[in-house]
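Subject: Structure for your review

Dear colleague,

Please find the structure below, handed over for your review. My notes on it follow.

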Amino acid sequence: MHQAINGCEERMKKTLASLKEGFASLRTGRASASLFDRIRVDYYGEKSPLNQVANISIPEARLIVIQPWDKNLIGEIEKAIRSSELSLNPSNDGKVIRINIPPLTEERRKELVKLAKAQAEQSRVAVRNIRRDGNEELKKLLKDGELTEDEESKYGEELQKLTDGYISKLNVALEEKEKEILEQ
């Protein structure tokens, strides 16, 4: 496989990983530690990821328990969760923070599915743009005499197969997320 195509594949992998990361922060009706991946807590003047200053556990399907390693952080953690876009209401007993995950309303589920579809479409467009860049690079290599027409055609087909594969992976990720959002 040509290095131009390898570069495109790396970029497509990153696009897929980015979509999955974006999906992880979409709240479903189920408790998940990944909801807090983007939450940063002020820890002695440093903005630290929540999972680096506390233990996050899921004892029940709709309950999250956060146990800070430093009890003085409870207020900071609660503040960070309340100010996030998760719309969660944490409560604490002085030792741990408990968060009940309320079931999603039908309207909210539809909003989240729309959001997931929009994120997936952005990722599909990104993959197609990567394919376009790869094809342009192949044409340039052909023009510069570094590839024959047969090689350019063969690599173009490989790039199309790669693109189709990643579009398919993006669609599967979207289907899984939709299913997760819509389940009660």
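In which sense do strand β1 and strand β2 pair, and over how many bridges? Strand β1, residues 40–43, and strand β2, residues 46–49, are antiparallel, and 4 bridges connect them. Please note that the model is a predicted one.

The hairpin

D42 faces K47 of β2, and Y43 has E46 as its bridge partner in β2. Between the two strands of the hairpin there are 2 residues. Y44 is located in that loop, between β1 and β2. Its backbone deserves a look: Y44 is not a glycine, yet its phi is positive, at about 50 degrees. Y44 has a relative accessible area of 64%, and it therefore counts as exposed, the cut-off being over 50%.

The sheet

Elsewhere in the chain, 4 strands form an open sheet in the order β3-β4-β6-β5, and their pairing is antiparallel. Its edge strands are β3 (54–60) and β5 (91–92), each of which pairs on one side only. Within this sheet, strand β4 (residues 63–68) and strand β6 (residues 97–100) run antiparallel and are joined by 4 bridges. I66 stands opposite I97 of β6.

Helix α3

Helix α3 spans residues 106–143. This helix has 38 residues, and the distance from its first C-alpha to its last is 56 Å, close to the 56 Å expected at 1.5 Å a residue. The buried residues of α3 include R109, L112, V113, A116, A120, S123 and R124. Further along the helix, V127, I130, G134, L138 and L141 are also buried. The partners against which the buried residues of α3 pack are α1 (3–24) and α4 (149–182).

A118 also belongs to helix α3. With a relative accessible area of 41%, A118 is partly exposed, because this value lies between the cut-offs of 20% and 50%. A118 and L174 are 56 residues apart along the chain, and 9.9 Å separates their C-alpha atoms. Just after α3, G145 adopts a positive phi of about 80 degrees.

The largest pocket

What is the volume of space in the largest pocket? The computed value is about 230 Å³. The lining of this pocket consists of 16 residues, and those nearest its centre are R27, E85, L86, R108 and L112. By class, the lining holds 7 nonpolar, 5 polar and 4 charged residues. Helix α3 gives the most to this lining, contributing 4 residues.

With kind regards

Terms used:
Residues numbered from 1 in each chain as written. Predicted model: local features only at pLDDT ≥ 70, side-chain atom pairs only at ≥ 80, totals over all residues. Heavy atoms only, no water. 1 Å grid on protein atoms, 1.4 Å probe; cavity = no way out; pocket = protein on both sides within 12 Å on 5 of 7 lines; lining within 4 Å. Points joined across faces, edges and corners; volume = space filled by probe spheres on them. Nonpolar A, V, L, I, M, F, W, Y, C, P; charged D, E, K, R; others polar. Pairing = 2+ DSSP bridges. Expected span 1.5 Å × (residues − 1). Buried < 20%, exposed > 50% of the residue type's maximum accessible area, 1.4 Å probe, protein only. Contact = heavy atoms within 4.5 Å.
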